[in-house]
Amino acid sequence: MNTTDLSHTPDARPHVLRRAGAEFVGTGLLVTVVVGSGIAAQRLSPTDVGVQLLENSLTTALGLTVLILMLGPVSGAHFNPVASLADWLLGRRTGTGLPLRDLAPYVAAQVFGGIAGTLLAGVMFDTAPTLSGNDRATGGHLIGEVVATAGLVLLIFALARTGKGSVTAAAVGAYIGAAYWFTSSTSFANPAVTTARMFTDTFAGIAPASVAPFIIAQLVGAALGLALLLVLYPTVARAAGEAVVPTHSDTTS
């Protein structure tokens, strides 16, 4: 019997439509968790913003962990254009990362999935979709996004490089939950989620004018995170394709 593991080769990945579908569902449910828990927190603790943030961050950390475990074997559970872009950049020369042809489907699925997640949360909580009035684009917030995104990229690929992918779901969930508190921006760290949160004028919303500065800060943070990776883990390109979770083929299909 041939015991060679082909799970990390490009040809062994599930079809791109299945992977993009998993990214759509995962990003959509992630945004549903973020926005829905924010609405619930506002209603349950209307006079205490600190408690609202605690409720929102704890729910997001737990929900993200579950989503990574559930969908990671299909698509890698990126749920974030920054993660997909970094995976492609790191593995483009060795052929180990996300193929360039798959990058656009991933990003499109993440963006549209996120928007769908915002709409779903609104339907569940009987809140009409509307553009947010929550202006977040201050200097401190943007620095917070740089820090949050750099740390996320560094965490994901450091775990992949050191063979600790089994703890990635819990580690990423814990990092995002903590970054809600230690960054001034409450750690969006995700262009797709940032775009989606523009369509809700609730606790988790972000004003349209703040979206572009946030995304620019996230890209700067991703570049900084990649630079740190290459300094700390010079052979990290070998782990591209195993972030966030290694995908595997479905031999029954």
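Threonine 60 is in contact, meaning heavy atoms within 4.5 Å, with Val33, Val34, Ser37, Ile176 and Tyr180, leaving aside its neighbours within four places in sequence. This is a predicted model, in which local features need pLDDT of at least 70 and side-chain atom pairs count only at pLDDT 80 or more, while totals for chains, interfaces and linings use all residues. Residues are numbered from 1 along each chain as its sequence is written, and side-chain values use heavy atoms, with hydrogens and water left out.

Threonine 60 belongs to helix H2, residues 49-75; helices here are DSSP runs of H or I with at least four residues, numbered from the N terminus. Its relative accessible area is 2%, so threonine 60 is buried (under 20%; exposed is over 50%, partly exposed in between, with a 1.4 Å probe and protein chains only).

The largest nonpolar core has 38 residues, a core being a set of buried Ala, Val, Leu, Ile, Met, Phe, Trp, Tyr and Cys residues joined through side-chain atoms within 4.5 Å. Phe79, Phe157 and Leu229 have the most contacts inside this core. Among the elements that give two or more residues to the core are H1, H2, helix H5 (139-161) and helix H8 (208-232). A second, separate core of five residues includes Phe188, Met198, Val211 and Phe214.

Which residues does phenylalanine 79 contact, apart from its neighbours within four places in sequence? They include Ala22, Leu30, Leu64, Leu71, Gln110 and Asn190.

Finally, methionine 124 lies in helix H4. Methionine 124 counts as exposed because its relative accessibility is 52%.
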